[in-house]
Structures are given as structure tokens and as C-alpha cells.
Amino acid sequence: MNATTEPFIPSAELARPSIADTVVGHQTAPLFIRKPNPDDGWGIYELVKSCPPLDVNSAYAYLLLATQFRDSCAVATNEEGEIVGFVSGYVKSNCPDTYFLWQVAVGEKARGTGLARRLVEAVMTRPELSEVHHLETTITPDNQASWGLFRRLADRWQAPLNSREYFSTDQLGGEHDPENLVRIGPFQTADI
């Protein structure tokens, strides 16, 4: 059996504007948004570790997201190729018009730039998600940063936002705040 592999491109090379999907930020400190690749798993893991209160998953989980779910995830890098932002999610197999956003992480160097919104919108406007009309995520009741982000997205997309308790503290082992299911939509990805 012959295995074909894509050529390996280091993260620093992928930061170049010719490879990035989107370039955001100021001319003096641009950020490059693109699909993740196998070289990004560890950098994503390190980024999420630096962004409490996010739950940190294994480096292996982030490597899977960077490869198996790359069409529905994005990383943002600076000019040196350092990962400073990440969004992960997937289109729900039982509801193909819904994207479930799992995590958004923005490192300290990129905070205050609107990067979280830009990461989400970069993924939502990909051709692979053209049939998506709803976005779902879960948020703990006290995570004001996440609530603010998703309220701003709903406003920008002119779509309703609804929420309800989804996972209780008991379901999460008694040591985790409850998670509310937040749903934005319907919206048209072409209008984002």
C-alpha cells in the first residue's frame, strides 16, 4: 500500500500571507488566520493551557483537531509563526445545519484585537460550512467574556440567541460549573 503525504510546512512558513486564509490586525503586527495542520497540535495545547478558565484537553486531542477536524477549526499566528489564537468545532452529524463550537482561545499577545470573533467568522465563512445556519456552544454562567463574544456575534449576524442549561454540575462530576447550551440562528453564512 502506497501512502501519500502532504509536504511538511513549518508553522513559521504557514504564517506568510500567501498561505493564510485571512490577515487581521495592524500592519506592524499582523495576525494570520488559517486551517491548522499536524505541526500545530502542541502549540494549540500550550495556548489553551495559558487561557484559563478554558478546560485543557490532551495534546493528542488538539493534534486530532488540527488534522481530523481542520476544515472546521482555525489557528491565528503572528509573523513568527507562534499560535496566538485557536477555535475548534465541528458540524453536527445529526444536525448538518449546525456548527458546534468547542473552544475559542486567544493568547495574551492578541487580546483586545477582536481575534476571537474573527476566528469564528473565518471558520463560518468557509465553503465547507455553507449549509450551516446555526452555531451552538456551551458556556458556564459566569464566563462573561464568552457570553459577550456570543452576544456580539448574534448582533452582528442579526440572529436570535437562545440558551438553556445543558450539563448540570452533577453531570460534570460535581467539581465543574454547569454549562449552558447557547444557540445562535438561523443566519446565512453568506451574510457574515
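The model itself is predicted.

In these terms, the protein has 5 helices and 8 strands. Along the sequence they occur in the order α-β-β-α-α-β-β-β-α-β-α-β-β. Of the 192 residues in the protein, 45% are buried.

Together with Tyr-166 and Phe-167, Leu-172 makes a nonpolar surface patch of about 230 Å².

Strand S7 leads on to the largest pocket, as S7 is one of the elements that each supply at least two residues of the pocket lining. The others are strand S5 (98-106), helix H4 (115-124), strand S6 (134-139) and helix H5 (144-157). Among these contributors, S5 provides the largest share of the lining, with 7 residues. The volume of this pocket is about 990 Å³.

In total, 41 residues line the largest pocket. Those nearest its centre are Leu-54, Gln-103, Val-104, Asn-143 and Ser-146. By residue class, the lining holds 21 nonpolar, 11 polar and 9 charged residues.

Helix H4, which supplies at least two residues of that lining, is mostly covered, with 8 of its 10 residues buried. The buried positions in H4 are Leu-115, Ala-116, Leu-119, Val-120, Glu-121, Ala-122, Val-123 and Met-124.

The last stop is strand S3, which spans residues 74-77 and contains Ala-76. The relative accessible area of Ala-76 is 0%, and because the limit for a buried residue is under 20%, Ala-76 counts as buried. Ala-76 can also be placed relative to Ala-105: the two residues are 29 residues apart along the chain, and their C-alpha atoms are separated by 9.9 Å.

Notes. Residues numbered from 1 in each chain as written. Predicted model: local features only at pLDDT ≥ 70, side-chain atom pairs only at ≥ 80, totals over all residues. Heavy atoms only, no water. Patch = residues over 30% accessible without salt bridge, like charges linked within 9 Å, V, L, I, M, F, W, Y side chains within 5 Å. Areas by Shrake-Rupley, 256 points an atom, 1.4 Å probe, with all protein chains shown as cover. Salt bridge = Lys/Arg side-chain N within 4 Å of Asp/Glu carboxyl O. 1 Å grid on protein atoms, 1.4 Å probe; cavity = no way out; pocket = protein on both sides within 12 Å on 5 of 7 lines; lining within 4 Å. Points joined across faces, edges and corners; volume = space filled by probe spheres on them. Helix = DSSP H or I, 4+ residues; strand = E, 2+ residues; numbered from the N terminus. Nonpolar A, V, L, I, M, F, W, Y, C, P; charged D, E, K, R; others polar. Buried < 20%, exposed > 50% of the residue type's maximum accessible area, 1.4 Å probe, protein only.
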